[in-house]
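Visitor: Hi, I'm new to this one. Could you put it up and walk me through it?
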Amino acid sequence: MRELFDEVAGKSPLDPEEAVRRTTRVPQRKRFYQQADVTATPEGFAIALDGKQVRTPSGRPLLAPTRDIADGIAAEWNAQVETIDPLTMPLTRFANSVVEGVIGRVDEVAADAAKFLGSDMLFYRAGHPETLVAREGQHWDPVLCWAADTLGAHFVLAEGIIHVSQPEAAIRAARTVFPTDPWSVAAFHVVTTLTGSALLALALANGFRDEDQVWAAAYVDEDWNGEKWGVDEEVAARRAARLVDFKAAVSILKELAPAVG
């Protein structure tokens with residue numbers, strides 16, 4: 001099992017899209033256990049398969065910070081049928097990523113997410129047609145106003161894709177309210193990566209936007225194009241796969257909301 005999830009993780013354990021791509025190239029393994037259960041330990045909540053504790057690809061104990069998260073991971077293992085499909089186990093993949101790539105590197109992972117504040121998707125607006133301009137404003141302007149009014153983070157907008165430098169004061173103001181615990185930081189990073197926006201991730205983590213609003217805001221342009229030209233099946237399949245990881249990350253942020261800094 002270590003090899004299976006190691007292959008899925010790829011070089012970047014926090015890159016859900018790469019995980020999805022690699023999953024399609026990894027042969028599935030037969031289910032070899034009868035039951036997954038959760039046990040409380042001094043270090044956290046462990047998941048056991050027929051009494052044997054699950055470990056990450058490198059052999060570290062896979063421990064969840066809360067019973068609910070651990071129950072969710074165990075449910076993924078119990079839901080497997082004849083073969084084990086990591087693509088259907090986003091919480092397990094997420095847990096592996098946290099243990100392998102985030103614990104001990106929280107500041108580094110948060111800094112990687114913070115890079116989006118310099119070129120956030122919400123800063124770059126379409127110049128035409130008017131319907132797309134209006135739709136971007138409908139979904140994105142409230143988040144920018146919230147960042148300015150609540151966080152004191154005043155960002156600069158641009159038309160098109162030409163890079164515009166953002167005020168360091170705005171970046172610092174937004175950066176100060178990032179999550180701080182490893183699991184929340186990892187979830188925040190995943191949401192930021194999948195949406196292309198650290199501001200959307202912040203709005204979600206701080207309760208200003210719910211998951212449906214954030215997901216819709218992240219795909220304004222794609223949805224507009226789909227309505228005008230039709231939906232590309234391959235693009236839709238990739239988006240559906242990303243949504244699985246997005247929902248897993250959202251569930252972590254919700255569960256650990258009191259721990260968010």
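This is a predicted model: local features need pLDDT of at least 70, side-chain atom pairs count only at pLDDT 80 or more; totals for chains, interfaces and linings use all residues.

Visitor: What share of the residues is buried?
Guide: Of the 261 residues in the protein chain, 50% are buried. Buried means under 20% relative accessible area, exposed over 50%, and partly exposed in between (1.4 Å probe, protein chains only).

Visitor: Let's pick a helix. Is α8 mostly covered or uncovered?
Guide: Mostly covered: 12 of the 14 residues in α8 are buried. Among them are Trp183, Phe188, His189 and Leu194.

Visitor: How far apart are the ends of α8?
Guide: The end C-alpha atoms of α8 (residues 182–195) are 20 Å apart, which agrees with the 20 Å that its 14 residues should span at 1.5 Å a residue. The expected span is 1.5 Å times one less than the number of residues.

Visitor: What comes just after α8?
Guide: Glycine 196, which takes a positive phi of about 75°.

Visitor: Is alanine 198 buried or exposed?
Guide: Alanine 198 counts as buried because its relative accessibility is 0%. Setting aside neighbours within four places in sequence, alanine 198 touches Ala113, Phe116, Leu117, Asp120, Phe178, Phe188 and Thr192. Phe188 and Thr192 are also on the list of buried residues in α8. The C-alpha atom of alanine 198 is 9.4 Å from that of serine 119, though the two are 79 residues apart along the chain.

Visitor: How do α6 and α9 sit against each other?
Guide: They are roughly perpendicular, a label for angles of 65 to 115 degrees; under 35 degrees counts as roughly parallel, over 145 as roughly antiparallel and the rest as oblique. The axes of α6 (residues 130–151) and α9 come within 10 Å and cross at roughly 65°. Axes are lines fitted to C-alpha atoms, for helices over the stretch in contact, with angles running from 0 to 180 degrees between N-to-C directions.

Visitor: Which residues meet there?
Guide: Val143, Leu144, Trp146, Ala147 and Leu151 in α6 meet Leu199, Leu200, Leu202 and Ala203 in α9.

Visitor: New topic: where is arginine 125?
Guide: In strand β7 (residues 124–125). Arginine 125 counts as buried, at 13% relative accessibility. Its contacts beyond four places in sequence include Glu136, Trp140, Leu144 and Glu159.

Visitor: What joins histidine 128 and proline 129?
Guide: A cis peptide bond, with omega at about -10°. Proline 129 lies in the loop between β7 and α6.

Visitor: Last one: what about the phi of aspartate 50?
Guide: Aspartate 50 has a positive phi of about 50°, although it is not a glycine. Aspartate 50 is in the loop between β3 (44–49) and β4 (52–53), and is partly exposed, with a relative accessible area of 43%.

Key. Residues are numbered from 1 along each chain as its sequence is written. Side-chain values use heavy atoms; hydrogens and water are left out. Helices (H or I, at least four residues) and strands (E, at least two) are DSSP runs, numbered from the N terminus. Contact means heavy atoms within 4.5 Å.
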